[in-house]
Each structure stands twice: as structure tokens, then as C-alpha cells.
Amino acid sequence: MEKIITDLHMHSHFSPDASAPLEVLCRAAAEKHLTTIAITDHAEWHHQSQQYGFPLAEDYFAAIEACRMAFSPVGLTVLSGIELGNPHQFTRKAKNLLDAWSFDIVIASIHWLNGHNIHHATCFSGKSPDEVYIEYFLEIGRLAAAFDFDILAHFDRIFWQGTQLGAPLNAFRLEKYIRYAFDIMVRYNRVLELNTKFLGTPNNWNDTLITLLLWYRDAGGTKIVVNSDAHQPAEIGRNFALAEKLLPLAGFSLPESLFVPEPIAISDDKG
Ligand SMILES: [Zn+2]
Ligand SMILES: [Zn+2]
């Protein structure tokens, strides 16, 4: 079994919902024998978000540079990154940020659906759960088509809130909408993230993920990225062993199917 040795989605104290300095994240990653990480703090423009844009970019890049110097001798590559919340709805502001700063990894997330935070129960209020899920997959399609990014983060996050409300996703009932979202993602070259936060959750969580990953493959998705979305150092690389078991069940062989970020892409010399 191949080990997953990269984690390209985690948060430092440059995110309003995390508190670790970058060097603490790097030390934790090195202790877990990861070889490449990306520190991907939040940039948000929604009026309900806790932060506007990514205000401390200069300090963040100085910290990234210091970590690169400190951790490259121990074999850890530190990439810069950003997690953009709904960038397709704040296109000009998001593009300005990406033009001003050169991030190695650009992650996009749906954090907001119809004005509601997808992490909150209000996201489901006044509608049937299936209606909310359908809107969510249509929104993924709009995001993937309308904004240029590398990785779609935690596509399963909204299922968690639905599950808490007694309405877990029934993938087969919404198959055409889910396949539609994956078709667009593949057409625009967006890589799907397998977010490990909820891996191993009871009640068929992993079975649902396998079904969805199989449909992503059907759409032509060949690459996948396994990320922890750590908000604390101890969460880096969480559940990676479960991901290593799950991915082959969805037809993703390791390590060939894993997304390798461009700055460290290994040239193919096999001809
Ligand atoms: Zn997120
Ligand atoms: Zn995140």
C-alpha cells in the first residue's frame, strides 16, 4: 500500500478559525513524514464571513519563506496556498488577490449557498434536503466553470450538516446533478479533493464517497488530492490510512492518481 505523503490543505493563524503559527504546522507535518504541504488560509468576501479578503498576505508570505528555509533541509517542501470561499461570486476581488500574490495552490470552496453558511443548519431551512443538495451541485458547476482554480475542497462538507439533520445524501436519487457537477469540473481541469475530516463516519459515509468518486472517474477525472483541512497541527494527515484503503475501491490507484502540484512536478523521463 502506497502512503500518501502530501497534505495540500491546512490552516494557520492567518485564518480566523485556526491559531497555529506556520512553523508549528510544518513541524507537525515533518514529524508525520510528509514531504510536501500547502498552507491554505481563508480568503472570504461574503458579508457574513469573519474576515474580508486575505488582509495579511505580506506577513503570510514572509512566514512561508521562513518555513521554506527552515524545513527544506529536513525534506519538507512548503507551498503557499489559499482557500477561496465562493470566488465565482466575488470574481474581481478574488482575481485581484491572485494577481497580487503568487500562490502555488489555489483551492476553491463552496462555503455559502443561497446566502447561508453550508456549515450551519439554516442552510437547509425552508427547503427539502434534496432541493438544497441539488442547488449545491449546480453551484459547484458554476464555480468550476466561472473561476480558475486548482482544487475543489471538501465537496462532501454539506452532506455532514444534512446528515446531522437526518437527511444524509442519497446519491443515486440525485445522480444526474452530481454527474453534471463532475462533468464540468473535469472539463475545466479542476481536481477533486478527498477531504479526510469525516472519513470513517458511520452510516455508509465512505460508501457514498466511493459512489461519488466512481462518478468523478466516469466523468474523466483521473487525479485526486487527499487533504486533511487541518485547523490544528494534530489534524495534519488525519485519516490518511483510511483514504489509502478507500481510493482503490473507487478505481484510483496510488500513487499514480494523486495530484502532484506543479512546482514540484517530477518530469516523466520514461519516454
Ligand atoms: Zn472550507
Ligand atoms: Zn479549509
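Threonine 222 sits in the loop between helix 7 and strand 9, where helices (H or I, at least four residues) and strands (E, at least two) are DSSP runs numbered from the N terminus. Leaving aside neighbours within four places in sequence, threonine 222 is in contact with Phe252 and Ser257, contact meaning heavy atoms within 4.5 Å. The C-alpha atoms of threonine 222 and leucine 258 are separated by 8.5 Å, and these two residues are 36 residues apart along the chain.

Before I go on, a word on conventions. This is a predicted model, in which local features need pLDDT of at least 70 and side-chain atom pairs count only at pLDDT 80 or more, while totals for chains, interfaces and linings use all residues. Residues are numbered from 1 along each chain as its sequence is written, chains are lettered from A and ligands numbered from 1 in the order in which they are written, and side-chain values use heavy atoms, with hydrogens and water left out.

Staying with that part of the chain, proline 255 lies in the segment after helix 8 (240-249), and the peptide bond that joins leucine 254 to proline 255 is cis, with omega at about 0°. Most residues other than glycine have a negative phi, and most peptide bonds are trans.

Two asparagines belong under the heading of phi. Asparagine 86, in the loop between strand 3 and helix 3, has a positive phi of about 45° although it is not a glycine, and asparagine 189, in the loop between helix 6 and strand 8, has a positive phi near 65°. Is each of them buried or exposed? Asparagine 86 is buried, at a relative accessible area of 0%, whereas asparagine 189 is exposed, at 64%; buried means under 20% relative accessible area, exposed over 50%, and partly exposed in between, with a 1.4 Å probe and protein chains only.

Strand 1 is joined to strand 2 (residues 36-43) by 2 bridges, and threonine 6 stands opposite threonine 36 in strand 2. Strand 2 and strand 3 pair in the parallel sense over 8 bridges, and histidine 42 has glutamate 83 in strand 3 as its bridge partner. Strand 3 is mostly covered, since 8 of its 9 residues are buried.

Glutamate 83 brings us to the metal site. Which residues coordinate the zinc ion that is ligand 1? They are Glu83 (OE), His111 (NE2) and His154 (NE2), at 2.1 to 2.2 Å, and donors are N, O and S atoms within 2.8 Å of the metal (3.2 Å for Na, K and Ca), with water not among the atoms, so sites may look incomplete. In sequence the donor residues are spaced E-x27-H-x42-H. The zinc ion that is ligand 2 is 3.7 Å from ligand 1, and glutamate 83 coordinates both. Histidine 111 lies in the loop between strand 4 (105-109) and strand 5 (112-113), and histidine 154 in the loop between strand 7 (151-152) and helix 5 (157-164), so the pair ties together parts that are 43 residues apart in sequence. Both histidines count as buried, histidine 111 at 6% relative accessibility and histidine 154 at 1%.

Last, the packing around helix 4 (residues 129-146). The axes of helix 4 and helix 5 come within 11 Å and cross at roughly 175°, and the two helices are therefore roughly antiparallel; angles under 35 degrees count as roughly parallel, over 145 as roughly antiparallel, 65 to 115 as roughly perpendicular and the rest as oblique. The contact is made by Val132, Tyr133, Tyr136 and Phe137 of helix 4 with Ile158, Phe159, Gly162 and Thr163 of helix 5. With helix 6 (residues 175-187), the axis of helix 4 comes within 8 Å and crosses at roughly 10°, which makes helix 4 roughly parallel to helix 6.

How values were computed. Axes fitted to C-alpha atoms, helices over the stretch in contact; angles between N-to-C directions. Pairing = 2+ DSSP bridges.
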